Amino acid sequence: MKAAVIVFPGSNREGDVARALKAVSGHSPAMVWHAETALPAGTDLVVLPGGFSYGDYLRCGAIAARAGIMDAVRAHAARGGLVLGICNGFQILCESGLLPGVLVRNARLRFICREALLRVERIDTPYTRKYAKGAVIRIPVAHGEGNYTADAETLRRLEGEGRVIFRYVTTAGQRDDEQVLNGAANSIAGIASEKLNVLGLMPHPENHVDPLVGPTDGRPLFESLAGVLERA
Amino acid sequence: MIPNEPKITPELVAEHGLKPDEYERILKLIGREPSFTELGIFSAMWNEHCSYKSSRLHLKGLPTKAPWVIQGPGENAGVIDIGNGLAAVFKMESHNHPSYIEPHQGAGTGVGGILRDVFTMGARPIAALNALRFGDPTHPRTRHLVAGVVSGIGGYGNSFGVPTVGGLVGFHTRYDGNCLVNAMAVGLAEADKIFYAAATGVGLPVVYLGSKTGRDGIHGATMASAEFGEGAEEKRPTVQVGDPFAEKLLLEACLEIMEAGCVVSIQDMGAAGLTCSAVEMGAKGDLGIELNLDNVPCREAGMSAYEMMLSESQERMLMVIAPGKEDEAEAIFRKWGLDFAIVGYTTDTLRFVVKHKGETVADLPIKELGDEAPLYDRPWVETPKQAPIDPASLEVNHTIPGILERLIGSPDFASKRWIWEQYDHLILNNTVQRPGGDAAVVRVNEGPKALAMTTDVTPRYCEADPFEGGKQAVAEAWRNLVAVGAKPLALTDNLNFGNPEKPEIMGQLVGCLKGIAEAAKALDFPVVSGNVSLYNETFGRAILPTPTIGGVGVLDDVSKTISLAFENAGEAILLIGETKGWLGQSAFLAEILDREDGAPPPVDLAAERRNGDFVRSLIEEGLVTAVHDVSDGGLLVAIAEMALASGIGANLLAPPAGVSPLGWWFGEDQARYVITCGNPKNGILKRAEEAGVPIQKIGATGGDRITVPGERPMPVDALRERNEAWLPIYMGAGLI
């Protein structure tokens, strides 16, 4: 697998995701500085990592979405290339128009770092094929602005096209929009593009790959990618 | 002739926090009246915060050396060797006064300052901790302070990208007018690549890096060296404003230019900003420094020399750059979008010369600025001893379960999850033991080595008996590290006290320091860094003496670490250490009987060491399944915490003969641990006997309730509800 992790000023989980990719695929990704204008030749997967790009001082991800490298990322996505945005990366994907909707402040206005329960809504994507359908997995969140929202028409389309890939659920495995930890519409934790090649999610699968530091429910996501890319 | 505007008057001197005799000292030292800028420089260098003038004499008694200590107190942070060519770099520092005035920015910049202290030495921060003390929950300001301090700590650390893995939070009416925010950071460096402040070489460029200088924080250190009275809010402009994004960039840029071999010496601009950092670089390196303020990057036009020298704008560094490396260093800083300016040179004059707009605004002897700072042997009186409490003398109308329920639902014992969930404690993917245990455990790089870290102190004990309280704080931190399987290596101390000009307060400081020194010696747990925060008083009322101890230990194999959660049902619960049933200054007495009296529990350091070494050997050999140290609240609270962490209950035996039930369940005797093991016949009892370690079986794990003979059972779920409820409800936050 040839992966590239984009590093913006203020990114801070680039090391965590690089480590997860290495642990699962055996290969270290290229770390690409935001001011570059081209991806390394042969890049299969682009990762926009978590963090506080540009301090999140405007809207989260708004400045990063206009960084030099982002035209190359958009072109890669348009070619059907894989783009994974985690947390701040998801915010950047929304701000750059690669995914619809926006992430606003958590409903209770506080940063939340805790394990969340997610239901895997479909497994026929390059990111989820190693999960069981409907599996409920433990993945931590760490965000202050992870409250996904979009207009009613967009939400209908996302649901209708089956593009909600991860959803927050209760301990009973049920969706409960009233109790969702950050207030996200339809309990949305992660969505994909129409062709399913771009995935954005708020939780951090890269922090749950190592049994020493917690559950390993994030591992299948990276295994799915490694499998897809090996076949490519 | 140095221009002198405005004129120096006794009022102006007093406004700078300098006493008349201290001003006389300045006149004698320089042989003339100081300029306005010079007066500002002296006030910055000679305040309590920077000069340690009241505490210096007594800090000398602390043990600071051990074979594994690379750098003790006196630098930005302490450095210890943790093996494999690696070093842990750590320190704790207070930001009490600013946090009370403006809690979000005050606490945030406290975190920023301590992180900078660590990466200034060439270490990448791998963990942050804190110790917070707030006033009584019913005090009108407390809720606002909790909300602001927590959002400030989280806002800074989360954005910077360091996991906040541990800490403590306590409430007491004596902090009503002065909350305490003690922030600790731990970093990792290669043991042979530590950077220091001392400049070397004459004529080398002194470079200013990082954010621009603004008018914020002017006189912050002087403000932090005074009591509060009416009008504390008016001091808000002295609080700095933090920018964690700039700090993150500064971290990456600093580590990159260090790696590139550009840095001769480095000092962050913390308290007293450019003044303190430049003077330290020169004085420690036996060199003079000449600054030209025309080159200082400023946030606004028209800043005076005085303002530039005293600004405490955050996220700034001063460095001496290696000859010929200026361009390379500048390119790295420009890449990170940070300011880079040559603002001066090292000289061989031993003078601190400051120029602005072609005029010399300060010309002072650089060594004397630090070395000749006033040193006070302030009068002090010993705190009167109190008599021990006889449990038989207590009239109690509560059942044992009733007391436990009250205790674990009380502000000090209630779960602090609402707080630590606002801190990113998982970033960097090395957090092996998360918040809520005895100590946090953070893996070092790819392992198997790990660091354990904790903060602790019991202010009630220190108030009643500073010496025993000081000992206890060190012993407790040491015990926390042992309980997760670590070998304790060194500590950092953050000494928070009231006004040292009062003999009884000074007596608390002296007593606590003696206790800390004695325990640190006995436990081979040297002091490698620290900070003193005095004048924590409002309207003449002082805080409880609070010498917070931050401890760091090492585990050679992180897979051996053990948590406090019961692991299996049907296991034996054993108590290590002797229980007499010591109730003086206990949480039971304070919470249930509303009494804070009696002698605090004495600390037998030999027993502490013997019991701790024994417990660690059991963990290392994999003979135990859960370990928890018994601290304030006593045995039943410790067991409840182990049950809450796991959901598994416990069936407990009756107290042994000779110990009162109250003393047995809620006494706070020291040097104790609760351990569990699958089979107590695996030799533990025999080994304990051989080692001279008191041990007894006190019950077994199992079920979903905690049962005590003759009392109603306590369902773990109901205890959890009580334990989790208080803080979110208090903060008006709802339970999600």
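In the UniProt annotation, taken from an unreviewed entry, "active site" covers C87(A), H204(A) and E206(A); such positions are given in the numbering used here, feature names are shortened, and annotations may be inferred rather than shown by experiment. These residues span 120 residues in sequence, yet no two of their C-alpha atoms are more than 11.0 Å apart, so they gather at one spot. The model is a predicted one, in which local features need pLDDT of at least 70 and side-chain atom pairs count only at pLDDT 80 or more, while totals for chains, interfaces and linings use all residues. Residues are numbered from 1 along each chain as its sequence is written, and chains are lettered from A and ligands numbered from 1 in the order in which they are written.

C87(A) lies in the loop between β4 (82-86) and α3 (88-95) of chain A, where helices (H or I, at least four residues) and strands (E, at least two) are DSSP runs numbered from the N terminus. Because 29 other C-beta atoms lie within 10 Å, C87(A) is buried; the term applies at 20 or more other C-beta atoms within 10 Å of a residue's own, with exposed meaning 12 or fewer and partly exposed in between, the C-beta atoms being placed from the backbone. Leaving aside residues up to four places away in sequence, C87(A) touches R13(A), G50(A), H143(A), M202(A) and H204(A), contact being defined by C-beta atoms, placed from the backbone, that lie within 7 Å.

E206(A) is found in the loop between β11 (198-201) and α5 (219-231) of chain A, and E206(A) is buried because 32 other C-beta atoms lie within 10 Å. Its contacts, again not counting residues up to four places away in sequence, are R13(A), D16(A), V17(A), A20(A), I86(A) and G218(A).

In chain B, six strands form an open sheet of mixed pairing in the order β14-β15-β16-β21-β17-β18, two strands being paired if DSSP finds at least two bridges between them. The edge strands, each pairing on one side only, are β14 (431-433) and β18 (527-533) of chain B. Within this chain, β15 (residues 440-443) and β16 (residues 450-456) pair in the antiparallel sense over four bridges, and V441(B) stands opposite A452(B) in β16(B).

The contact between the chains takes 27 residues from chain B and 26 residues from chain A. On the side of chain B that touches chain A, α8 (142-160), α10 (244-259) and β14 of chain B each supply at least two residues.

Conventions. Two residues are in contact if their C-beta atoms, placed from the backbone, lie within 7 Å.
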